[in-house]
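Here's a quick tour for someone meeting this protein for the first time. Have a look at the sequence and the model, then read on.

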Amino acid sequence: MKTKITLLFVFLSCYLGWSQETKLLLPNLENEFTVSLNKADDNSITATISDSKNSSIMHVVKTSENASVTQFTNTIFSIISDKTTDYYFKIPATSLKFNAKKENCTKDYFLNEFKKITKVDFITLVKQNTIFNNDTDTTTFKEYLKKINKKDSAAVFTTTSRYAFYKNEDDSVTLYFDNNSTTLTKIVDENTFYDALFEEYHDNDTFYNEVLLTETAFEKYKNTAFDTPANLIKIEEVYNTVATSASNYYYLGNYTIKNSTTTVEESVAVSVYNNFSENFFKLKVCNASYDCSTTTEMPNNIQKEVFYERIPFFLGNFNNEKYTIKESELALLYTSLKSKNEVKVLENKNQEYVNELSALADKIDNLQTQYSGVIQLNKKIRVYDENNIEKENRFFIIEDAYLRFFNNKVKDVKIKGYLNDKPAQKFRVLNIQYSIPMRSFSNSLQYVPISPNDDDADYLYINVNDIFDFDHDSSWNYSVKNKEYVLTPEKPVKIEERQLMDYFTAVVFSDFLGLNNNNSNALIQAEGRIKIPLWISNYRKTAVFNAISTDVNATIYNGSDETNRLITPIETTTVDGKTSFTIHNFDYIKFNNINAGIHLGLINVELKGLSTEVNLGYGLRYYRAGLKYIEDTAGIDVIKTYQLNALSHELLVNFEIRPQMNFGADLNLCLNWLNSRGASDDILIHLKDAESANDKKVFRLQLNLYSKLNPDKTNDGIYARIGGFYHLAAKEYYPQILVGYATNLSTFVNKFKKGN
């Protein structure tokens, strides 16, 4: 976890351009100091120090990157101490706050401020100085008094002995002052003790000087020592980060090496520079005095054995002295380096693809507006009984209507109006049972009750086809942009068309399971999806041939060790120059680098109250997977790779969840029948004879989650996937945990941009 936090910190440092800052607090001082560090092209470091109570810059200091961290921190603390002129004090655990000029910060000044104290703060400070509140063997005030013998006394405060509790013959307790010469009050309980002290001493100079504001307490309150452990750590962290940032070096950690001559162990800071275009890295090693040496270039995918040879060789002449490193430290360094290289490659590649997708998202958002038709709200329409028979001489008079289009359906309809024979009774007609596909505007199968609860509507219905006239403009189709409209009777409104690119979604995924080189999950995947709602035939909640969709998922980066994401054959044979490989059928899934499918929705049922559509579909899916084979050629191992193909029928059940909020989800349950379909080269592929390994049935479970980054302005956002594939016969599971950036979530999130 520490390594991951460090990686994130360094990445953010890089993103912000090697400008770092930290906040410093002085004990008991209310104001806050900000130290900002910036590294110039000549590798010098500039520190700018500012004070929250004095907005102008206090001081700027410049130093070399090779200055020691101790020298740097001492300089910073000295400057702050010298330049601070105003003290803004806050007494701990109280509401006491006051300020003073540095030269006037005297005990008399403090004393005058203390006399303004509230009773609550007074009692708080008294408690901090009483023996019974600081006695580890005492839990309560009552218990402390109980320990006092009759005709004996016990001290009250830790700061002075002039106050005492005295226990009388009758077990009552009296508070005395100055060796029992003055009786202050009889103590009934702890509250009477505090009340008596406040009444007697809240403005008494002697009490403050002896109990609350002793010389020791005063020095503690006005202490301006900066070099607390917390402040030291803060300064060292930002300084180390900036100092090791030259040429994009990233801090890996501190490791222990041993001087072979003196046998003294010392800690060195190690940072890494990556060149991804030429696929190499260099390490920089710095001791506590910031004497640094840099290694030669090493490949990003360096093998452990080679690394274990190169680093000890490098340390054999580190800063002109010979050093050694324990194998355990070397192992930690190698693990940290591999993790850093993997993460940096991931960041670089992800950013590259995200930039491309962002450009694509902008193009989709800025497509030229076209129109699918013109819609007009009718003023006077027919009404029907429960058997869909028209009622003579009865009509519904429409005043206005609200439409919300989503995925080529009217997701929500709100129609305000009244019956011609009941003009005083207003109705708001809602489609609470099911949405209305655009094709239903041209048929007479969709009826909506005037009042779902029949509030004086006589069980009457209206027909959607009567409510609206949907006609052509320059073009005419059922592809309607996701948008809201408010209509008034007999005033035509152009309906914006949803263009083909608006159905398309591009995603760049990172698979968290791919960070482990020991499994077959790809680190970075690109995916394109398109789903076009058809709604060919509809009746109430049910639709037939509701949509056609296709998706293509391709691996674009497998990590530094590509070979772990390729199939290793179980058995290899070569006859007459032709090679045959035996694999498990499930390997097509586990090691796929292309996964593409096309589906047709067969039957769709809407559960409008749950904002969910349940769809049964059928499709075909194509998988391509890589295979590696090590061939011994004249005593030299030669790695050969091949691409294998597989086709599958797919039966799909999809739960499409689209609430009217910035969230969407799809739960997919799929059954595949995997069939091997040759390879890219002239080789033979055999499936393992065991029945479980050869079985074709694979179950796919997939939960997709969507959320727009800024739903009021854009359609791009986060696309996450949790799930995997399960081989029913072999009982083997291939999981996936993907998080990615998507260009266009308009199909998946029922939340529109402002203006739509």
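In which strand does Ser-293 lie? Ser-293 belongs to strand β14, residues 292-294; strands here are DSSP runs of E with at least two residues, helices are runs of H or I with at least four, and both are numbered from the N terminus. Ser-293 counts as buried because its relative accessibility is 17%, and buried means under 20% relative accessible area with a 1.4 Å probe, protein chains only. Leaving aside residues up to four places away in sequence, Ser-293 touches Leu-283, Lys-284, Val-285, Phe-314, Phe-318 and Asn-319 (contact means heavy atoms within 4.5 Å).

Keep in mind that this is a predicted model, where local features need pLDDT of at least 70, side-chain atom pairs count only at pLDDT 80 or more, and totals for chains, interfaces and linings use all residues. Residues are numbered from 1 along each chain as its sequence is written, and side-chain values use heavy atoms, with hydrogens and water left out.

Now for a sheet. Four strands make an open, antiparallel sheet in the order β7-β8-β9-β10, where pairing takes at least two DSSP bridges between two strands. β7 and β10 stand at the edges with a single partner each, so one side of each has no neighbour in the sheet.

| Strand | Residues |
|---|---|
| β7 | 153-155 |
| β8 | 163-167 |
| β9 | 173-177 |
| β10 | 182-187 |

Three bridges join β7 to β8, and Ala-155 stands opposite Ala-164 in β8. Helix α7 (residues 190-201) lies across β8, β9 and β10.

Methods: Buried < 20%, exposed > 50% of the residue type's maximum accessible area, 1.4 Å probe, protein only. Axes fitted to C-alpha atoms, helices over the stretch in contact; angles between N-to-C directions.
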